[in-house]
Amino acid sequence: MPNYTTSYSTKPRKPHHRRPATGDQLPSARRRAQRRPGAQYLHHSQGFGRRTSGRRPRRRDARRPYAIIAVACAALLFIASVVWYLNRGVTVSLNGSDVSVRINSSVQQLIDDNQLSYRTGDLLAVDDTVLEKRGGERYSVKVDDEQIDNDDLSSTALAGGEAIEIGNGRDEYEEHEVIATEIQPALTVKGTGAIQYVQTWGVPGRSEVWVGSVSGKTADRGVVQEVQDCVVRATSVSPDEGSYVALTFDEGPSSYTEQIVSILEEKGVGATFFLQGDRSEEHQAAARAIADAGFELGSNSYSDTDLTALSGDDLRSQITRGFDAVKDASGVETSLLRAPYGLFSESSWSEAMDLVSAVVSWNLDSGDYLLPGAGSVVDTVMGSVANGNIILLTDNETTGAQTVEALPQLIDSLQAQGFTLVSLSDLIATDSKLAEELDVSRVSMPDDAALPQVKKDTADQDA
């Protein structure tokens, strides 16, 4: 109920006269009106405050507490969801049976929670005698078929779905020094044919002798890693279907090379040029013309040298310098080699197989280097040609004019007999089995492979 106050005056009342306005008084300067005696006034403390000019009274939002409660509940629900997700149970297979574990718990926790107990392995000396019973591995643990070291059991987390096998601990050997001896792979060349390549790369084996740190014993552990011998395969191309031959040119480039390129382009046939390194340096424009026309390039070594007469660094230098010269002259990188005179021995392979993708000779020699005349060159080839042949032609200053004269006749004659003339790579591609094994564009030596040694003949061994 409103609280009213009555104002009383003890002085006698005087007549009331309103003071006239002077015209220059401001409202804020007016005196506050005095309370009249006997009048009742409402106190401000009862909830009705004065209004401030131009400002609306603040109203309290009754929904605000509920919004705060809703946000708090949502936050608690989110935190509870995260906690549940981070601690949810997942299923793993333990020795063939499904068990539930907390996600990201360790293998050691799994062992502890299931109170698993297994026989600890023994600690062995290097000669396999027992140094300490139960001094070896506590558990043998595999997770998804991967053996886990006992030191890693506490840090190996389980995400769910793993197949875990736990059994008796394995025996362990004492700390020991290992004296290892590498077993070098041997080289074997199998088959016959114009194309030779590494079919199986040699991987070294290893034998070990152990010296125990505790027992002091020495034990020959024998071969601990078997050697993988190297196999070089020699073969020829057998097209799956159709009739194909490859034209190949040796000893170039020469002053006749660009004429040969023009004839091949005009006839629309493929070919492979095995360029000699020193001559590529002399005739760089010709080498570039071959590459620009899209013909395949290989190396004929750096110079006209019998590679079987070289060994070690001399052999490797002759091969690498040839490849480098071809690349510098033509802009094309190659690892395809035709050895001068077609000679590349087992010893050559054992010392330089990591440099070449394949070594290619020929199985049809035109005999043009004997200068029998253009007609005789054509007759020689046509009298012996067979499907899959690699035909040898020569591109040098001595034979160049004869080659330019014979080439159009030879191409026409081969095409008349139904042969398609292609590059060496395209010829290999017609033989699906060979194409699966051989890529002449790159060397494919694995990281763990090593150069082999040539097997000695029995007579040499006896000597």
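The structure is a predicted model, in which local features need pLDDT of at least 70 and side-chain atom pairs count only at pLDDT 80 or more, while totals for chains, interfaces and linings use all residues. Residues are numbered from 1 along each chain as its sequence is written, and side-chain values use heavy atoms, with hydrogens and water left out.

Helices (H or I, at least four residues) and strands (E, at least two) are DSSP runs, numbered from the N terminus, and two strands pair if DSSP finds at least two bridges between them. An open sheet with mixed pairing is built from 5 strands, in the order 4-3-9-7-8. Its edges are strand 4 (97–102) and strand 8 (146–148), each of which pairs on one side only. From one strand to the next, the twist averages 35 degrees, where axes are lines fitted to C-alpha atoms (for helices over the stretch in contact) and angles run from 0 to 180 degrees between N-to-C directions. Within this sheet, strand 3 (residues 89–94) and strand 9 (residues 163–168) run in the parallel sense and share 2 bridges. S93 has A163 of strand 9 as its bridge partner.

Turning to charged side chains, a salt bridge is a side-chain nitrogen of Lys or Arg within 4 Å of a carboxyl oxygen of Asp or Glu. The model has 13 salt bridges by this rule. One of them joins R233 to E437, with the closest N and O atoms 3.4 Å apart. Because R233 lies in strand 16 (residues 230–235) and E437 in helix 11 (residues 432–437), this pair ties together parts that are 204 residues apart in sequence. R233 is partly exposed at 27% relative accessibility, and E437 is also partly exposed, at 41%.

A further salt bridge links D354 and R316, whose closest N and O atoms are 2.9 Å apart. D354 sits in the loop between helix 7 (346–352) and strand 21 (358–360) and R316 in helix 6 (residues 312–330), so parts 38 residues apart in sequence are tied together. D354 is partly exposed, with a relative accessible area of 24%; for R316, likewise partly exposed, the value is 24%.

R442 and D439 also meet through their side chains in a salt bridge, at 3.3 Å from N to O. Here R442 is partly exposed at 48%, and D439 is partly exposed at 37%. Finally, R119, D122 and R134 are linked in a network of salt bridges.

Methods
Buried < 20%, exposed > 50% of the residue type's maximum accessible area, 1.4 Å probe, protein only.
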